[in-house]
Amino acid sequence: MARKASLSGFPEYLPAERLVENHVLDTLRTTFELHGFSPIETRSVETIDQLLRKGEIDKEVYAISRLQEEESSKKEKLALHFDLTVPFARYVVENAGYLSFPFSRYQIQKVWRGERPQEGRAREFTQADIDVVGDGDLPFRYDVTLALVVVDALSKLPIPAFKLRVNNRKLAEGFYLGLGLTDTAGVLREIDKLEKIGAEAVATNLRENLGATDNQAAAALALAQIVTEDVSFADRVRELAAQYGAEHELLEQGLAELTEVIAEASKRAPGNVVADLSIARGLDYYTGTVYETVLVGHEKLGSICSGGRYEKLASNGKKTYPGVGLSIGVTRVVARILSQQFATASRAVPSAVYIALTNDEGWSAANDVADALRARGIACEVSATAAKFGKQIKYAEKRGIPFVWFISEKDGALTHEVKDIRSGEQVPADPQTWEPPAEDLHVRIIPAEDLA
């Protein structure tokens, strides 16, 4: 990860790094499927109108065009998708007749944003999304399910401890309305800046941009400071509401929903999920539960996984498809794993065996050995040219392949030996039965604590 990219914001990995990324992707994919989520993939290109339908985000969009495009074909302006949520909303509407609702999907794809590259932010990156969408309505328990699925997935990755921070927009909006702050979306956008600019600056913005009084700004900030690992947040919110006269029906709905999430999560994932009432998620389409996830000790990296409940993101004008979803920033997670060496691949190549050649006439026999090994799931490769054994051993060592296979002929019969080039041990071997030690059969991703 010390290499300088030739094109900023478009990460490329060396083979050993890519193996770590593959491990992350495979772990997420397997976990999502264990929880019943089905895979889909949407096209990389959407119309610009589709991408912008939830607001102006033109600074993030990469528009595309053909170099020799004729003027008559420029009717639809196209762009690369900047997230997976907007394409998924379109996908649901267009395929609703073929889907069974509630529909649980996962989607792992690259996305593109025209942002200034910096640590944790790239212009081309991979996201892993999970969503559950209903037809007309969606039971709230899926909000709980999503939190538990993500905790399960992240717990299997070679990353430090993490906190899934959960809030509820109804709770926050009800509290603000009770205070007399009617522009609840505006207040949420300001509260969403709390970690970046600090409480004093947020209070100033609330007063200057939204007309909040000192008392209202103080109350909004006091609410945002409530963080608990259990359901005790509810009593603290009610005490605060009583203190500032901020009772509201919507507040009670949000409290009930957030309590359900935290009660179940604290039982099944104690310490990983917290009620954090500073989480606002400035995007307007969230309507209830909102999530953000940080690595403990790496909070400046930003959220590695975020999302929430949306009631009207997908609609065809007649029907509405409410949903709840979370998106994991795979590239952000992998970049931190690699830069901090939280894990490393046991070798840089899949091959466990390198089959050497004593002479070019033996190449077919070497491929017979390779066929026998691969039939039993042992990854291997065959030398393309004959060379001295020492040279071939050095090549295998440079590649990171642990075993070298030698074929020789004696009295008209082929004999086989395999050498562990790490220990120097060389023993007879039968292509039909030989197996490497279990730890060498496949590339392993080794967490840092296991390397110490």
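**Close-up views of a predicted model**

**View 1. Gly 211 sits in the loop that links H8 and H9.** Keep in mind that the whole picture is a predicted model, where local features need pLDDT of at least 70 and side-chain atom pairs count only at pLDDT 80 or more, while totals for chains, interfaces and linings use all residues. Residues are numbered from 1 along each chain as its sequence is written, and side-chain values use heavy atoms, with hydrogens and water left out. Helix and strand labels are DSSP runs numbered from the N terminus (helices: H or I, at least four residues; strands: E, at least two). Gly 211 counts as exposed because its relative accessibility is 53%. The cut-offs are under 20% relative accessible area for buried and over 50% for exposed, with partly exposed in between (1.4 Å probe, protein chains only). If we skip residues up to four places away in sequence, Gly 211 touches Leu 206 and Gln 216; contact here means heavy atoms within 4.5 Å. Leu 181 is 30 residues away in sequence, yet the C-alpha to C-alpha distance to Gly 211 is 8.4 Å.

**View 2. Helix H9 (residues 214-224) and what covers it.** Buried residues here include Gln 216, Ala 217, Leu 221 and Leu 223. Ala 219, Ala 220 and Ala 224 are buried as well. Their cover includes helices H5 (169-179), H6 (184-191), H7 (194-197), H8 (199-210) and H10 (233-244), plus strand E9 (273-276).

**View 3. Phe 32 in the largest nonpolar core.** A core of this kind is a set of buried Ala, Val, Leu, Ile, Met, Phe, Trp, Tyr and Cys residues joined through side-chain atoms within 4.5 Å. Helix H4 (residues 141-155) gives the core its largest share, 8 residues. Zoom in on Phe 32 and, beyond neighbours within four places in sequence, you find contacts with Phe 37, Tyr 106, Ala 128, Ile 130, Val 149, Ala 153 and Ile 328.

**View 4. An open sheet of 9 strands.** Strands count as paired if DSSP finds at least two bridges between them. With mixed pairing, the order reads E1-E5-E6-E12-E11-E10-E7-E9-E8. E1 and strand E8 (227-228) are the edges; each has a single partner strand, so one side of each has no neighbour in the sheet. Strand E5 (residues 103-112) is mostly covered, with 9 of its 10 residues buried. E5 runs parallel to strand E1 (residues 38-39) over 2 bridges, where Ser 38 has Arg 105 as its bridge partner. Toward strand E6 (residues 124-133), E5 is antiparallel, with 10 bridges, and Trp 112 faces Glu 124 there.

**View 5. The cis peptide bond between Phe 101 and Pro 102.** Omega is about -5 degrees at this bond, and Pro 102 lies in the loop between H3 and E5. As a reminder, most peptide bonds are trans, and most residues other than glycine have a negative phi.

**View 6. Helix H12 (residues 330-339) and Gln 341 after it.** H12 is largely enclosed by the rest of the structure because 8 of its 10 residues are buried. Among them are Val 330, Thr 331, Arg 332 and Arg 336. The cover over the buried residues of H12 includes helix H1 (15-34), E6, and strands E10 (289-295), E12 (320-329) and E13 (343-345). Gln 341 is in the loop between H12 and E13, and its phi is positive at about 55 degrees although it is not a glycine. Gln 341 counts as exposed because its relative accessibility is 61%.

**View 7. The lining of the largest cavity.** On a 1 Å grid over the protein atoms alone, a cavity is a set of points where a 1.4 Å probe fits but cannot get out, and lining residues have an atom within 4 Å of a point. Grid points are joined across faces, edges and corners, and the volume is the space filled by probe spheres set on the points. The count is 1 cavity of 30 Å³ or more, and the largest cavity has a volume of about 30 Å³. Thr 85, Phe 88, Ala 89, Val 133, Tyr 310, Leu 313, Ala 314 and Tyr 321 line it. Helix H3 (85-95) and strand E11 (305-315) each supply at least two lining residues.

Conventions: On a 1 Å grid over the protein atoms alone, a cavity is a set of points where a 1.4 Å probe fits but cannot get out, and a pocket is an open set with protein on both sides within 12 Å along at least five of seven lines; lining residues have an atom within 4 Å of a point.
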